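Good morning, colleagues, and thank you for making time for this item. I would ask you to have the model open on your screens while I speak.

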Amino acid sequence: MPELLRDPVERALASAVAALSLSRGMFFAVSALYFTRGVGLSAATVGIGLTLAGAVGVLASYVGGRLSDRYGADRLQQWTLAANGAALLAYALAGNVVSFILIAACVSATRGLQSTAQVTLLARWYVGPERVTVRARLRVVMNVFIGGGSLLAGLALMVDTTAAYRLTVVLVGAVTMLGTLPLIGLRRRVDGLAARMDASNGAARDVRERSPLRDRTYVASTVLNAILAIQFGLTSVAIPLWVADHTDAPTVVVSALLLVNTAYVALFQVRASRGAQNLRTAGQSVRRAGLFLLVACVLFACAGYVGAAAATAILLLAALAASAAETQGEAGGWTMAFDLADPARAGAYQGLSQTGYAVAQMLSPAVVTTSAIDHGTPGWIALGSLFAATGIATALVANHAATHRNQPEPISGVQVSQ
């Protein structure tokens, strides 16, 4: 990626994302075992605690936009990334339910603030389609390093002791804090960055009159893209449970499906971003994502009716469809979040957009389990239909906004940049 090597801002962001993602991959792999064995919590307690923490993260995602406008997105990202690392380190000291919930809330809050600050930085520093392209490249870095972190955590899983899990948690916090290093002094090293980051200090104070919550188009886009983001619950929750309990495919297929997703996103996310570079093409991209998800859900349901070999093949096709939906949906959603926002209040708008994603992340496990897992084929079809309808509605919102802003139609497959 020669563009990344030339751009000091993207280079710093990529380094920070790599560290954060490596630590997240390690944490995802060992956290459940650490909380139950190391801290001594029940699985139900862990679930409730993380849900409560997720609610704190939702609020922090919104507040992060206001703070980014007031103090500068680059500063906020650096501060909150360091705080997130410190909070993760604190997990090694958790000894009861109260301390676990408090630490989890701090982890979720700092993560929400950091995520919004990062997106606001992209919105303020880059222009037009470049914002989505850079975000796509950062997404590739994230996926690759999460996979690498999961592999590293395999060492702790092989040892399978509380001490090994606690050491991994300490490493998770330390690696996260290392991600702040490339961000230190960034506004001093890059000409013009400080002016861009501080451009809305005055506007940020007029919160009541200038709230993005009064922008009906942006709110509609945020809600619709949040519904589509429930798809991430398929990979993390629905697929493992469905494969293990409702199909004849070997359980190891779950790992293969996750690998397919990681590889597909790494290979095609940037390409998908190039096909969603204005509001009209972004809406089309999200609509395709909804249809891909409908296909994926139908295929997942079909895998429950055939033998092991056929189920494995169908599950792989479903994983490819879901991965295509992910890349298309993310690219379109990012473009809409950037292009529909008021540039003068980038933080407030991106904070609202990130809040939508945070709500989806919090609710997606419950939505996919109560639909697809609990009700089987009818649940899968209902879930897929929801995604397809959401994609179509999102395209309508994008087309309406593009018409209002007099955006041209794409001609013969050529994308027209704003």
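What does the secondary structure of the protein chain come to? It comes to 15 helices and zero strands.

Let me turn to overall dimensions. Along the principal axes, the C-alpha atoms fill a box of roughly 55 × 50 × 40 Å.

How is the chain packed? Of its 418 residues, 55% count as buried. If we take the contacts with a separation of 6 or more, 85% of them are between residues 24 or more positions apart.

As for the surface, the protein chain exposes about 17300 Å², and carbon and sulfur atoms supply 66% of that area. The charged side chains number 30 positive and 20 negative, with the centres of the two sets 5 Å apart.

I now come to confidence. The mean pLDDT of the protein chain is 88, and 93% of the residues reach 70 or more. Where is confidence lowest, and where is it highest? The lowest value belongs to helix 1, residues 2-6, with a mean of 54, while the highest belongs to helix 13, residues 279-302, at 96. Two stretches also deserve mention. Residues 203-209 have a pLDDT below 50, and this stretch has nine contacts in the model beyond near neighbours in sequence. Residues 410-418 likewise fall below 50, with 18 contacts in the model counted in that way. Where pLDDT is low, the predicted coordinates should not be read in detail.

Let us now look at individual residues, starting with Ser21. Ser21 lies in helix 2, which covers residues 8-38. Is Ser21 buried or exposed? Its relative accessible area is 2%, and it is therefore buried. Leaving out residues up to four places away in sequence, Ser21 touches Met142, Phe145 and Ile146. Gly49 is 28 residues from Ser21 along the chain, and the C-alpha atoms of the two are separated by 22 Å.

The next residue is Asp160. Asp160 sits in the loop between helix 6 (129-159) and helix 7 (162-178). The phi angle of Asp160 is near 55°, a positive value in a residue other than glycine. With a relative accessible area of 37%, Asp160 is partly exposed.

Gly376 is buried, because its relative accessible area of 15% is under the 20% cut-off. Which residues does Gly376 touch, not counting those up to four places away in sequence? They are Trp242 and Ser371. Gly376 and Ala301 are 75 residues apart in sequence, yet their C-alpha atoms are 6.9 Å apart in space.

Thr390 also lies in helix 15. Thr390 counts as buried, at 5% relative accessibility. Setting aside neighbours within four places in sequence, Thr390 is in contact with Leu224, Ile227 and Leu228.

To close, I return to the overall picture: a predicted model with 15 helices and zero strands, in which 55% of the residues count as buried. Thank you for your attention.

Definitions and conventions. Residues are numbered from 1 along each chain as its sequence is written. This is a predicted model: local features need pLDDT of at least 70, side-chain atom pairs count only at pLDDT 80 or more; totals for chains, interfaces and linings use all residues. Side-chain values use heavy atoms; hydrogens and water are left out. Helices (H or I, at least four residues) and strands (E, at least two) are DSSP runs, numbered from the N terminus. Buried means under 20% relative accessible area, exposed over 50%, partly exposed in between (1.4 Å probe, protein chains only). Contact means heavy atoms within 4.5 Å. Accessible areas come from the Shrake-Rupley method with a 1.4 Å probe; for residues, only the protein chains shown count as cover. Lys and Arg count as positive and Asp and Glu as negative; His and the chain ends are not counted. The place of a charge is taken as NZ of Lys, CZ of Arg, CG of Asp or CD of Glu. pLDDT is the predictor's confidence in each residue, from 0 to 100.
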